Amino acid sequence: MTGRPAGETALVRALAYARHGWPVFPCKPGRKEPDTAHGFKDATIDVEQITAWWTAEPGRNVAVATGAPGPDVLDVDVRPVGSGFPACRRLQRAGLLEGSLAIVATPSGGLHAYYTGTEQGSGRLTGCHLDFKSAGGYVLAPPSAVGGKPYRLVRHQQDRQPAGGRLDWAAAIALLDPPQRKPQAERLPGHADAARLAGWVAQLPEGNRNAGLFWAACRAAETGHPGALDALAGTAGLTEAEIRRTIASARRSTGHRQPARTRQQHRAETRPESEPEPEAVT
């Protein structure tokens, strides 16, 4: 995503997003409603199709389909009933918003923070006025406008490592809207209670385990045993990469540093797997 020169057309921007590998499709002029038969499912990077769409109707808004290969987007909303910026600042303090690819100011006075796309499901924290757009979602992108007010690029990160710039939505949920079903963890003496916490995480429905692991790791860290879950988290049914990332997020949010790693451990952990208020986000 790059800055938009004055007078740049929607077609030019749509083609630029497509060259970046982000599938696009048109929305109705001045609105958020898709202007194709199947909405985001029609999103494409095909130059001929994109050219045909905006040649037929140059005033259409540009929508980017979210989730890999497109970006993930955190939508910070501002409405008369409330603002998403307080929750956004909490996520920032916990280290969960690092590595944004771009920041776009939205017509409502909120922002869109763009991250490297993943296959996470889209989600919403209504009480926090935050939406997470990933697989199965879409956002309007510059130079789109709604009600005469444009989407405006505020900041763009030119270079970003492929492995960076990801937003862990499950960790965000666990911080802002933690699970209600909680074990008694106020007095954790050590390994036995860590095992109990890990067992609680393991019995959670699939899709909730990452958030549950984050909450459990926070409780262990707060009671002086931040490393107790490391050897037990595999029972949660998550991959090693997910476990490391979630526990690291929990340590940051509770102010506990990552324990020192031996050179051998570092090599094992880093081996490749088989295979406006825009200042609120960095």
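Contact, on this tour, means heavy atoms within 4.5 Å. What you have open is a predicted model, where local features need pLDDT of at least 70, side-chain atom pairs count only at pLDDT 80 or more, and totals for chains, interfaces and linings use all residues. Residues are numbered from 1 along each chain as its sequence is written, and side-chain values use heavy atoms, with hydrogens and water left out.

Start with helix α2: select residues 47–56. (Helices are DSSP runs of H or I, at least four residues; strands are runs of E, at least two; both are numbered from the N terminus.) Color Ile 50, Trp 53 and Trp 54, which are buried (under 20% relative accessible area, with exposed over 50%; 1.4 Å probe, protein chains only). Look down the axis of α2: the buried residues fall within an arc of 80 degrees, so they line one face of the helix (the arc is that of the directions from the helix axis to the C-beta atoms).

Now show what the buried face of α2 packs against: α1 (10–19), β1 (24–27) and β2 (61–65).

Zoom in on β1 and β2, joined by four bridges, and find Cys 27 opposite Asn 61 in β2.

How values were computed: Pairing = 2+ DSSP bridges.
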